[in-house]
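Please consult the sequence and the structure shown here while reading.

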Amino acid sequence: MRAFPLVAALMLTACQSVGVQTDFDPSVNFASYRTYQWLPSEAPRGMNPLMFRRIQDSIDRSLAARGYTQAPNGDFAITFTVDERDRLHADDWGYGWGGWGWGGWSGWGGYGWGGWGWGHPALDVYTTVQRSIVIDIYDGKTRQPAWHGVVKRESYSERLNYGRLDQAVDTVLSKFPPVAEGR
């Protein structure tokens, strides 16, 4: 696992999939939130401070576009973490005709006994990079967790695309504030 140095989390050139997950405390009155503050305000030890600033600026822009302003004692406090992981994939595939007998998965010609035929089995092994940004929001008064959002992207490329950062941040923050059922 490579975490902080490569954090450009989700800024990919060849995106294969995007996923957003959120969770929140339904007892929190998100309508009262107007201002926010950062926790922490400096890059954590080991994290690229330039990348920290890029992600923080992107979150600031996204929140400002939604009408929130930064204040020393905000209605909510916000923090984020990033992660990057290599994922190994193996696809078993092949082609041909015939098989090993009758009564298998394709009517006759699947697994069983007897039979004849030819084919070319193949195993395709490849690596993708999964990058994620996790944003956590805490109530400014109680300091209790209020909202949690994660956006993940998977790519075949090791190269980072900084142009996708705002898009990734906007994607996850589009779910904030949450709309609780029954409200």
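Asp 57 has a relative accessible area of 28% and is partly exposed, a class that lies between buried (under 20% relative accessible area) and exposed (over 50%), computed with a 1.4 Å probe on protein chains only. Arg 53 is likewise partly exposed, at 40% relative accessibility. The two side chains meet in a salt bridge of 3.4 Å, N to O; the term denotes a side-chain nitrogen of Lys or Arg within 4 Å of a carboxyl oxygen of Asp or Glu. Because Asp 57 and Arg 53 stand four residues apart in helix H1 (residues 49-65), about one helical turn separates them. Helices (H or I, at least four residues) and strands (E, at least two) are DSSP runs, numbered from the N terminus.

The model is predicted: local features need pLDDT of at least 70 and side-chain atom pairs count only at pLDDT 80 or more, while totals for chains, interfaces and linings use all residues. Residues are numbered from 1 along each chain as its sequence is written, and side-chain values use heavy atoms, with hydrogens and water left out.

Across the whole structure, a search finds three salt bridges. One of them joins the side chains of Asp 166 and Arg 61 at 2.8 Å, N to O. This pair links distant parts of the chain, 105 residues apart, with Asp 166 in helix H2 (residues 165-173) and Arg 61 in helix H1. Asp 166 is partly exposed at 31% relative accessibility, and Arg 61 is partly exposed at 46%.

Asp 170 and Arg 66 also meet through their side chains in a salt bridge, at 3.9 Å, N to O. Asp 170 lies in helix H2 and Arg 66 in the loop between H1 and strand E3 (69-70), so the pair ties together parts that are 104 residues apart in sequence. Relative accessibility is 34% for Asp 170, which is partly exposed, and 31% for Arg 66, also partly exposed.

## A buried aspartate without a salt bridge

Asp 136 is located in strand E5 (residues 117-139). Asp 136 is buried yet has no salt bridge, and the nearest side chain of opposite charge, Lys 152, is 13 Å away. In this assignment Lys and Arg count as positive and Asp and Glu as negative, whereas His and the chain ends are not counted.

Which residues does Asp 136 touch, not counting those up to four places away in sequence? They are Ala 77, Ile 78, Thr 79, Trp 147 and His 148, where contact means heavy atoms within 4.5 Å.
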